[in-house]
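Q: I would like to learn how to read a single-chain model, feature by feature. Could we begin with its surface and work inwards?

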Amino acid sequence: MNPVNYLYLAALLFSIGATGVLIRRNAIVVFMCIELMLNACNLAFVAFSRLHGNLDGQIIAFFTMVVAAAEVVVGLAIIVSLFRSRHSASVDDASLMKL
């Protein structure tokens, strides 16, 4: 396959994730859309890496996966604490957690 096809797929996945972040109100769905956007970026990094014939994009994709794993831990902890305090996973209720 042509690496440009992978870039088209990455752009499509990123746009689906961005649309989900902007439209949805559930924190878990927003969180999954952010992960989808990060995976689209990883796909673009690997496609550009293969296109140019070096491993730099794959190394950046690896570090992006490490950051995504840390984001999962912190993000799910915030979502669980929001759900326990408000009995809802709505993003609109997150502003009520301020002091």
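A: Accessible areas come from the Shrake-Rupley method with a 1.4 Å probe, and for residues only the protein chains shown count as cover. In this predicted model, the chain exposes about 6,900 Å², of which carbon and sulfur atoms supply 71%. Local features need pLDDT of at least 70 and side-chain atom pairs count only at pLDDT 80 or more, whereas totals for chains, interfaces and linings use all residues. Residues are numbered from 1 along each chain as its sequence is written, and side-chain values use heavy atoms, with hydrogens and water left out.

Q: How many helices and strands does the secondary structure of the chain come to?

A: Helices (H or I, at least four residues) and strands (E, at least two) are DSSP runs, numbered from the N terminus. The chain has 3 helices and 0 strands, so that its pattern along the sequence reads α-α-α.

Q: Where in the chain is confidence lowest, and where highest?

A: The predictor's confidence in each residue is pLDDT, from 0 to 100. Its mean for the chain is 87, with 90% of residues at 70 or more; confidence is lowest in helix α3 (residues 56-86), at a mean of 87, and highest in helix α1 (residues 3-23), at 95.

Q: Is Thr64 buried or exposed?

A: Buried means under 20% relative accessible area, exposed over 50%, and partly exposed in between (1.4 Å probe, protein chains only). Thr64, which lies in helix α3, counts as buried because its relative accessibility is 15%; buried residues make up 26% of the 99 residues in the chain.

Q: Which residues is Thr64 in contact with, leaving aside its neighbours within four places in sequence?

A: Contact means heavy atoms within 4.5 Å. With those neighbours within four places left aside, Thr64 is in contact with Leu38, Asn42 and Phe45.
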